[in-house]
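Me: I would like to go through this structure with you, one topic at a time. Shall we begin with a charged pair and move on from there?

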Amino acid sequence: MLNKIGLFNAFKGDTWVRPFFKKYRSLLILAILLGFLTFFCGGALMFNSGYLISRAASIPENILLIYVPIVLTRAFGIGRPVFRYIERLTSHNWVLRMTSQLRLKLYKSLESDAIFFKQRFKTGDILGLLAEDIDHIQNLYLRTIFPTIIAWTLYVFIIICLGLFSPLFGLAMLLMLGVVVFVLPLFSVLANGARQEQKKRMRNNLYQNLTDNVLGVSDWIFSQRGTDFVDHYEQSELELHQIDQQIQNYNRKSELFVQLSFGAITVALLIWSAFTFPGNHGGAANWIAAFVLTIFPLIDAFAPLPDAAEETNIYKDSIVRFNNLSDVEKVKAIQPVPSIKELMLSVKDVDFAYPDGTKKVLNDISFNIYPGEKLAILGKSGSGKSTLAHLLRGDLSPNTGSISLGGYSTDQLGDSISDYIGVIHQTPYLFNTTLLNNIRIGNENASEDEVWNVLDRVQLKETIQKLPQQLNTMVDEAGLRFSGGERHRIALARILLQDVPIVLLDEPTVGLDPITEQELLNTFFNQLNNKTVIWITHHLQGVSITDKVIFIEDGKIAMNGSPAFLARDNKYYQQLMKIDGLN
């Protein structure tokens, strides 16, 4: 019960799971009612059957005396599976609706946190949320909330019914059933709850370790320690298996105790009914079997309670993990955007610092980017240029100042920003599907002729034509069969199909040899000649083809002007050119 209190406390500030209680309240109540009716019909079936067998064995004077029990036995016999089936449909419909929307909200939240993804989460954390926590929330209802409420309702109903026959025996059953309903679940929480929490923590750690090591598997292999990784993972799996075995051992003992408890309850019910309805046969004695047999189908209602109680700590942890994510419901409404012909990017008095940061990443940044202009943003690693790129895209919001696109704040444009600003990253990702599908990400409705056209423009047409399946060639995961330069050209083909007016190049030539780098830059700027280009880079190779250069240092604009002007009049720029071997 202590864990359930912790679960209720987790629900107080919950914005992920609790809202579904209200949203699907009617389905929730219906599922609980149908669950109660299922066990009621099971108990009533045995009650009528016990009475019918005893009454029929006593040779009734008239068949009409057992006609009503026969009809009720048939009715409850049909009602039990019917109510059970409808209850399963209703409860699973409720849960599947909830979890589908929960997954959608999770994806949106992760998308909104994409910029901080590497800072706030590990890949294993996300796998844990998707593979573990969603299922835990699903089980919260199917294995804890529904069974617990149904069992408590039956508990109250049974005590009231027995109390009508004998208040003293009703009190005795209140205590005996109370052991199964309250004492055993509480003991299970104390004895097994910590193991359940440890099991979940170990599984989450396995996800983290597995993803970290798989992503770095080449380093394990090159260091000739591949077997160490396997041994370490197998040891972690063994420890998890041992914890799981301890949980299962306790659960078997708990199930045995439940069966013994109901055995004692059955004996007590038999003794009470024998004294309450005395007789050799017939008459009041017909009720003995009715009362005693009723208890057996009710065991299934109370048996899950210990497991339901001990798992509440798992659910509490899952709810807390969800609520640590962003609340995507707070996104502001998006206003209509004017014609792209009028668009201009304006950066005015922008300051920015990351959450929990003690230092400003950007400090009082101001400049304009006009339609068709080619701008290079330079700076050392950590200078703030990549942060500025995220601000320009609207992925981040400035702490002070404003960044607007055609007069509209970029952080308020939401997904529609992709209609105006395209991005080519340092390492473009190619998906494990056909080459055609990879390129059509820029425009799903593009024809094959249009795809061939953009491939020709990015100088990949002949390369693709030489492949056995050409556009239907399957791309290896992450596009490993293609070189770095080829992946960037495919990314450019996507942008050309997307046909956005502004293109952001986020250090696309990092890791390329100088010849490939220059060839790629020439292709970029030739094909994007009629578009606004914002190029994030850390050195001056190819910068001369831009219209303007902004150099960011320690979060401030240290230089601003055309490449020719800076090369002629700015000594710092001249020193940078010497370092890059351009002067």
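Me: How far apart are Glu87 and Arg84 in helix H4, in residues and in helical turns?
Reply: Glu87 and Arg84 are 3 residues apart in helix H4 (residues 67-112), which means that about one helical turn separates them. Please note that this is a predicted model.

Me: Why does that spacing matter for direction in a helix?
Reply: An α-helix has 3.6 residues a turn, so residues three or four places apart point the same way.

Me: What do the side chains of Glu87 and Arg84 form?
Reply: They meet in a salt bridge, with an N to O distance of 3.7 Å.

Me: Which other residue forms a salt bridge with Glu87?
Reply: Arg88 does, and the closest N and O atoms of that pair are 4.0 Å apart.

Me: Is Glu87 buried or exposed?
Reply: Glu87 is buried, because its relative accessible area is 5% and the cut-off for buried is under 20%. Arg84 is partly exposed at 31% relative accessibility, and Arg88 is partly exposed with a relative accessible area of 38%.

Me: How many salt bridges are there by this rule?
Reply: The count comes to 3. One of them joins the side chains of Glu373 and Lys548, at 3.8 Å from N to O.

Me: Where do Glu373 and Lys548 lie?
Reply: Glu373 lies in the loop between E2 and strand E3 (374-378), and Lys548 lies in strand E9 (residues 548-553), so the pair ties together parts that are 175 residues apart in sequence. Glu373 counts as buried at 14% relative accessibility, and Lys548 is buried with a relative accessible area of 14%.

Me: Since E2 has come up, what is the strand order in its open sheet?
Reply: The open sheet has 4 strands in the order E2-E1-E4-E5, and the pairing is antiparallel. Strand E2 (362-369) and strand E5 (408-409) are the edge strands, each pairing on one side only.

Me: How many bridges join E1 to E2?
Reply: Strand E1 (residues 345-352) is joined to E2 by 5 bridges, and the two run antiparallel. Leu345 has Ile369 in E2 as its bridge partner.

Me: New topic: which residues touch the most other members of the largest nonpolar core?
Reply: Trp94, Tyr141, Phe146, Phe262 and Phe302 do, in a core of 55 residues. Helix H3 (25-57), H4, helix H6 (123-165), helix H7 (167-215), H9, helix H10 (286-302) and helix H12 (312-323) each supply at least two residues of this core. The largest share, 14 residues, comes from H6.

Me: And what does Tyr141 touch?
Reply: Leaving out residues up to four places away in sequence, Tyr141 touches Val17, Phe21, Trp94, Val95, Met98, Phe146 and Pro147. There is also a second, separate core of 45 residues, which includes Ile439, Ala446, Val549 and Phe551.

Me: Which residues does the UniProt annotation "transmembrane region" cover?
Reply: The UniProt record, an unreviewed entry, places it at residues 27-51, 63-83, 145-165, 171-194, 256-275 and 287-305. In the model, residues 27-51 are 100% helix and 0% strand, with end C-alpha atoms 36 Å apart. Residues 145-165 are also 100% helix and 0% strand, and the end C-alpha atoms there lie 31 Å apart.

Me: In which helix does Ser254 lie?
Reply: Ser254 lies in helix H9 (residues 226-276) and counts as buried at 5% relative accessibility. Apart from neighbours within four places in sequence, Ser254 is in contact with Leu184, Ser188 and Pro306.

Me: Last one: what span should helix H17 have at 1.5 Å a residue?
Reply: The 15 residues of H17 (residues 484-498) should span 21 Å, and the end C-alpha atoms are 21 Å apart, which agrees.

Me: Why is H17 described as largely enclosed by the rest of the structure?
Reply: Because 12 of its 15 residues are buried. Among them are Arg487, His488, Arg489 and Arg494, along with Ile490 and Leu492. The buried residues of H17 pack against strand E6 (421-424), helix H14 (435-439), helix H15 (448-457), strand E7 (502-506) and helix H18 (514-527).

Me: Which residue follows H17?
Reply: Asp499 does, and its phi is positive, near 60°.

Key
Residues are numbered from 1 along each chain as its sequence is written. This is a predicted model: local features need pLDDT of at least 70, side-chain atom pairs count only at pLDDT 80 or more; totals for chains, interfaces and linings use all residues. Side-chain values use heavy atoms; hydrogens and water are left out. Buried means under 20% relative accessible area, exposed over 50%, partly exposed in between (1.4 Å probe, protein chains only). Contact means heavy atoms within 4.5 Å. UniProt positions are given in the numbering used here, feature names are shortened, and annotations may be inferred rather than shown by experiment. The expected span of a helix is 1.5 Å times one less than its number of residues. Two strands pair if DSSP finds at least two bridges between them. A nonpolar core is a set of buried Ala, Val, Leu, Ile, Met, Phe, Trp, Tyr and Cys residues joined through side-chain atoms within 4.5 Å.
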